[in-house]
Every structure is written in C-alpha cells, then in structure tokens.
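Please look over the structure shown here with attention to its charged side chains and its sheet. The briefing that follows takes these topics in turn.

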Amino acid sequence: MTREAANAQRVSIRSRRDSDVASAAEALVKVHESDGYPVEGVDEPEAWLTPPEVLQAWIAELDDHVVGHVALGHPNGEDAVSLWLDQSDSAESEVAVLARLFVAPEARRMALGRRLTQAAMDYADEKGLRLVLDVMAKDTAAMRLYEALGWQRIGVSKHTYGEGQETDAICYVSPATTPAR
C-alpha cells in the first residue's frame, strides 16, 4: 500500500459539529505556535472558530483526532468582498468568505489543506456562491495552494489586527466552477 493510500484510510473530511470545536481550538493553538497563524484569536480560539457569520465549517480528522479546519462565512465587511463586488456583476448575497483554514503541523503533507478547501468550494458550487478570501502576504504556502486550485488574485489589502498592527494581504476569488479533481 502506498503512503498516500495509507494516509487516505486514516484521514476524513467532514462537516464540523459543535462537539469538534474544542479539539479544533487545540489544533489551532498548535498551528499558531508553529506558524504564527492566526495573528489574532488564539487567546479565545473557540470564539475565533465560531464567529456569528459562519455559514458552514469542516474539519479534517486523522485517526479520529481533529487536525484541520476551514469555514465559510457570510460577508462581514471584508476587503476581498468589496474588491470582488467592484470587479464583477455579483451581488453580496452570491458571495461567501473562505476563512480559518489550517492544518496542524503533525498532519501536514497529506493534502488536507487542499481537501478542506475543495470541500468548501464544492459546497459553494452547490449553493451558487462565489468564494473570496484574503491571505497574509507572508503565507506563501497558502497562496500556492489557492493558486493551484484555480483561485485568481483580485487585489491587495491591509490585514489589521492587535493594537493597530497591520500587514499586507492578497485577496483572491475562487474559480467560477470547481476544477476537475
């Protein structure tokens, strides 16, 4: 059995349940310690994972442990939403924001980020939604993932966090339809 086949048997992607939030929060803290992502939210990771605008969320499990997460949210004033609406004929009701994507360090190199993102893209296709996001310019691995999945850069914004701190962020829009896998 190949490594990929063995990993596929140990990994699942599914809709997040309320009972998954505490485990996802633990994984998020590990990611923050490893990568500095997110720049905010680790003081209250469960709250950061469950903002009111969440439309749907998924988790990745490895051997029944939560090791990854992604969420879609209703627009809430994000620059990526404004940029897309200015560049398209879309209405805000036709847009969702992909956010809170992470994979714990011990579960990397198993394509879980890709699989989580694809789950969100498939859901958006079913609902007739176009996805947007912003990613901090320092997060080059995330940008490579989105671009490999066909996402297009639509502009640059500033991500503001903490007490007046800010960093450049690249804004993306998903492909019009999910690419073939």
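In this predicted model, Lys 138 is partly exposed, with a relative accessible area of 46%, and its side chain meets that of Asp 139 in a salt bridge with an N to O distance of 2.9 Å. Asp 139, by contrast, counts as buried at 17% relative accessibility, because the cut-off for a buried residue is under 20%. This pair belongs to a structure that holds eight salt bridges.

**A salt bridge between two strands**

- Lys 158 forms a salt bridge with Asp 168, and the closest N and O atoms of the two are 2.5 Å apart.
- The pair links distant parts of the chain, since Lys 158 lies in strand β6 and Asp 168 in strand β7, ten residues apart.
- Lys 158 is partly exposed, with a relative accessible area of 43%, and Asp 168 is likewise partly exposed, at 34%.

- Leaving aside residues up to four places away in sequence, Asp 20 touches Arg 14, Ser 15, Ile 59 and Val 66.
- Arg 14 and Asp 20 are also linked with Glu 61 in a network of salt bridges.

**The sheet and the helices packed on it**

- Seven strands form an open sheet with mixed pairing, and their order is β1-β2-β3-β4-β5-β7-β6.
- The edge strands, each of which pairs on one side only, are β1 (residues 11-15) and β6 (residues 152-161).
- Neighbouring strands of this sheet are turned against each other by 25° on average, with direction ignored.
- Strand β5 (residues 130-136) pairs with strand β7 (residues 165-173) in the antiparallel sense over five bridges, and the bridge partner of Val 132 in β7 is Val 173.
- Helix α4 (residues 79-87) packs on the sheet, where it touches β4 (residues 95-103), β5, β6 and β7, and its direction makes about 150° with that of β6.
- Helix α6 (residues 140-148) also packs on the sheet and touches β4, β5, β6 and β7, while its direction makes about 155° with that of β5.

Conventions
Residues are numbered from 1 along each chain as its sequence is written. This is a predicted model: local features need pLDDT of at least 70, side-chain atom pairs count only at pLDDT 80 or more; totals for chains, interfaces and linings use all residues. Side-chain values use heavy atoms; hydrogens and water are left out. Two strands pair if DSSP finds at least two bridges between them. Helices (H or I, at least four residues) and strands (E, at least two) are DSSP runs, numbered from the N terminus. Axes are lines fitted to C-alpha atoms, for helices over the stretch in contact, and angles run from 0 to 180 degrees between N-to-C directions. Contact means heavy atoms within 4.5 Å. A salt bridge is a side-chain nitrogen of Lys or Arg within 4 Å of a carboxyl oxygen of Asp or Glu. Buried means under 20% relative accessible area, exposed over 50%, partly exposed in between (1.4 Å probe, protein chains only).
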